[in-house]
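This briefing goes through one protein structure by topic. Please keep the sequence and the 3D view at hand while reading.

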Amino acid sequence: LSMHLRLKLCRDIVAALRFMHSFDPPIVHRDLKTPNVLVVDGVVQGEARPVAKVADLGLAQSLGAMAEL
């Protein structure tokens with residue numbers, strides 16, 4: 001993969017985590033690893049490009065629920 005594509009996929013992952021953390025209380029993935037990142041064909045600004053999607057939220061919890069433990 002080119003460096004440009006690697007950085008784009010990293011930005012996709014960061015955007016997904018930022019979205020989950022924007023909730024009140026925030027959602028924490030707790031198991032982010034390469035098998036839990038899906039790369040799919042997507043269309044970005046009218047151009048076909050791979051897009052990274054964060055998957056497997058089975059261990060995810062809200063920080064509010066984690067504080068109660």
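Ala52 is found in strand β3, which covers residues 47-54. The model is a predicted one. At a relative accessible area of 6%, Ala52 is buried, because the cut-off for buried is under 20%.

- Leaving aside neighbours within four places in sequence, Ala52 is in contact with Leu9, Asp12, Ile13, Val37, Leu38 and Val39.
- Val37 is 15 residues away from Ala52 along the chain, and the C-alpha atoms of the two are separated by 6.4 Å.
- Two of the residues that Ala52 touches, Leu9 and Asp12, are also listed among the buried residues of helix α1.

**Overall layout**

- The protein has two helices and four strands.
- Read along the sequence, these elements follow the pattern α-β-β-β-β-α.
- Of the 69 residues of the protein, 20% count as buried.
- The protein exposes about 5100 Å², and carbon and sulfur atoms supply 61% of that area.
- Among contacts between residues at least 6 apart in sequence, 55% join residues at least 24 apart.

**Confidence**

- The average pLDDT of the protein is 85, and 87% of the residues score at least 70.
- Which helix has the lowest confidence, and which the highest? Helix α2 (residues 63-67) is lowest, at a mean of 61, whereas α1 is highest, at 95.
- Where pLDDT is low, the predicted coordinates should not be read in detail.

**Helix α1**

- Helix α1 has 19 residues and reaches 27 Å from its first C-alpha to its last, close to the 27 Å expected at 1.5 Å a residue.
- The buried residues in α1 are Leu5, Lys8, Leu9, Asp12, Leu17 and Met20.
- An α-helix has 3.6 residues a turn, so residues three or four places apart point the same way.
- Lys8 is found in α1, which spans residues 3-21.
- Is Lys8 buried or exposed? Its relative accessible area is 10%, and Lys8 is therefore buried, the cut-off being under 20%.
- The side chains of Lys8 and Asp12 are joined by a polar contact of 2.7 Å.

**The aromatic pair**

- How many aromatic pairs does the count come to? The count comes to one aromatic pair.
- Phe19 and Phe23 form this pair, with 5.2 Å centre to centre and 80° between the planes, an edge-to-face arrangement.
- Phe19 has a relative accessibility of 52% and counts as exposed, because the cut-off for exposed is over 50%.
- Phe23 has a relative accessible area of 39% and is therefore partly exposed.

**Backbone points to check**

- Most residues other than glycine have a negative phi, and most peptide bonds are trans.
- The peptide bond from Asp24 to Pro25 is cis, with omega near 0°.
- Pro25 lies in the loop between α1 and β1 (27-28).
- Arg30 is not a glycine, yet has a positive phi of about 70°.
- Arg30 is found in the loop between β1 and β2 (37-44).
- With a relative accessible area of 46%, Arg30 is partly exposed, because that class lies between 20% and 50%.

Methods: Residues are numbered from 1 along each chain as its sequence is written. Side-chain values use heavy atoms; hydrogens and water are left out. Buried means under 20% relative accessible area, exposed over 50%, partly exposed in between (1.4 Å probe, protein chains only). A polar contact is a pair of N or O atoms within 3.5 Å; within protein, one must be able to donate a hydrogen and the other to accept it, and residues adjacent in sequence count only if both atoms are side-chain atoms. pLDDT is the predictor's confidence in each residue, from 0 to 100. The expected span of a helix is 1.5 Å times one less than its number of residues. Contact means heavy atoms within 4.5 Å. Accessible areas come from the Shrake-Rupley method with a 1.4 Å probe; for residues, only the protein chains shown count as cover. Rings of Phe, Tyr and Trp (its six-membered ring) pair if their centres lie within 6.5 Å; planes under 30 degrees apart count as stacked, over 60 as edge-to-face and the rest as tilted.
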